[in-house]
Amino acid sequence: MVLAGTTVLISSPTAWADIVPGGEGTGSETQVDGKKGDQSLSATAGAVVYDRSENGSGASVGPVAAATNWTPPACYYAPKYTPEQLQKVKEPVWEAGSTGYQWDAEQRDRYVNGKPYKDFNKEKTGKGYWWDSYVTPGREGDPGALDCQEETFWVDTDDDPPTDIPQAITPEVLAQLAYAEIRVPTTEVELRPAGATKVNLPTWAWLDATEFKPVSVTASVPLLGVQATTTAEPVSVKIDPGTADAQTYPASGVCEAANGSIGEPYAKGKADETPPCGVKYLRSSGDGSYQLKATVTWKIHWTGTGVAGEQPLPDGDFGGEQAVVVQEIQAVNR
């Protein structure tokens, strides 16, 4: 589990257990450093915790790209300050005077003078948090990272965040953030014949079922007791032979998942059969090779706190290229 955000200081008898689900030492890698002796905690990051233990791993994995123009949020709102912490952040800025008298006065009215908050909401200490914006890790240079411009706002414990702030953390927003953390294998299909194939010879193609299996990431906010798990399942692979001088099986080039695999592994004795997934090259690649591209479509859905059943997210694609040598069939005349 890895925390994402900025530094937050939280003082609570149960803070350590709240920030690290299950208590100290559970889960995978953390970036939490705390002083349990006085029950205070310094969390490097802030609100969202990612559990990637069921994610794809290894040097060949990469992120899926949504099949539409949708992207996960580049910023979001989540708990960041207690009343005392916000006071320590705001007052030095006002006292410096570099932001101008009018802005400083408006800020004091908002957080101190009761318009709408009084004395940083100190009378509600322990009953809620000040929420502020975070930039999603890896999206720092994204224009969407500037979309979260709302003033710091207060949310009582157990209350839902304001509905008019779409980037405020909810199970659905957590699911979208987890989407960005999904990693799947680079697509390289098994081919038979392997190494080199022949002109007009059907070549079987399939995916290794041990590599292409569902993966998931869970995103949670322990302070709020909410979480969402986003799961990606491979549903099809599209074969692009790398040349117009080829025929795919099926004709669409899209091989659907069936019986736990995509495509059917070649078996001895099937040389004269038409492969359920594959390609037939009609022209030699000469001294070079064709770049066959295989793109897997992943069906993505999520479940989370207070949600009944699986909820859809946009499908994702991830592909890769591989060289295919196609040779002429040599005939010998005697």
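**Basis.** I worked from a predicted model, in which local features need pLDDT of at least 70, side-chain atom pairs count only at pLDDT 80 or more, and totals for chains, interfaces and linings use all residues. Residues are numbered from 1 along each chain as its sequence is written, and side-chain values use heavy atoms, with hydrogens and water left out.

**Disulfides.** I took a disulfide to be a pair of cysteine sulfur atoms within 2.5 Å. I found 2 disulfides by this rule. With bonded cysteines counted along the chain, they follow the pattern 1-2, 3-4.

I looked up cysteine 75 and found that a disulfide joins it to cysteine 148, with an S to S distance of 2.1 Å. This link is right-handed, with 90° about the S-S bond. Cysteine 75 lies in strand β8 (residues 75-81) and cysteine 148 in the loop between β9 (128-135) and β10 (153-156), so the pair ties together parts that are 73 residues apart in sequence. Strands and helices here are DSSP runs numbered from the N terminus, with at least two residues (E) for a strand and at least four (H or I) for a helix. For burial I used relative accessible area: under 20% is buried, over 50% exposed, and in between partly exposed (1.4 Å probe, protein chains only). Cysteine 75 is buried at 2%, and cysteine 148 is buried at 8%.

I then turned to the disulfide of cysteine 255 and cysteine 277, where S to S is 2.1 Å. Cysteine 255 lies in strand β18 (residues 254-258) and cysteine 277 in the loop between β19 (261-262) and β20 (278-281), so parts 22 residues apart in sequence are tied together. The torsion about the S-S bond is about 85°, so this disulfide is right-handed. I noted that both cysteine 255 and cysteine 277 are buried.

**Helix α2.** The buried residues of α2 are Pro83, Gln85, Leu86, Gln87, Lys90 and Trp94. After α2 comes glycine 97, with a positive phi near 75°.

**Nonpolar core.** I defined a core as a set of buried Ala, Val, Leu, Ile, Met, Phe, Trp, Tyr and Cys residues joined through side-chain atoms within 4.5 Å. The largest has 66 residues, and Val48, Ile169, Val189, Val237 and Trp298 have the most contacts inside it. Strand β21 (residues 290-304) gives the most to this core, namely 7 residues.

I counted two strands as paired if DSSP finds at least two bridges between them. I traced 4 strands in an open sheet, in the order β12-β14-β20-β17, with antiparallel pairing. The edge strands β12 (190-192) and β17 (246-249) each pair on one side only.

I went through the pairs in turn. β12 and β14 are joined by 3 bridges, and leucine 191 stands opposite alanine 205 in β14. β14 and β20 pair over 2 bridges; the partner of tryptophan 204 in β20 is glycine 278. β17 and β20 pair over 4 bridges, with threonine 248 bridged to valine 279 in β20.

Last, I examined the side chains of β14 (residues 203-206): Thr203 and Ala205 point one way, Trp204 and Trp206 the other way, and all are buried.
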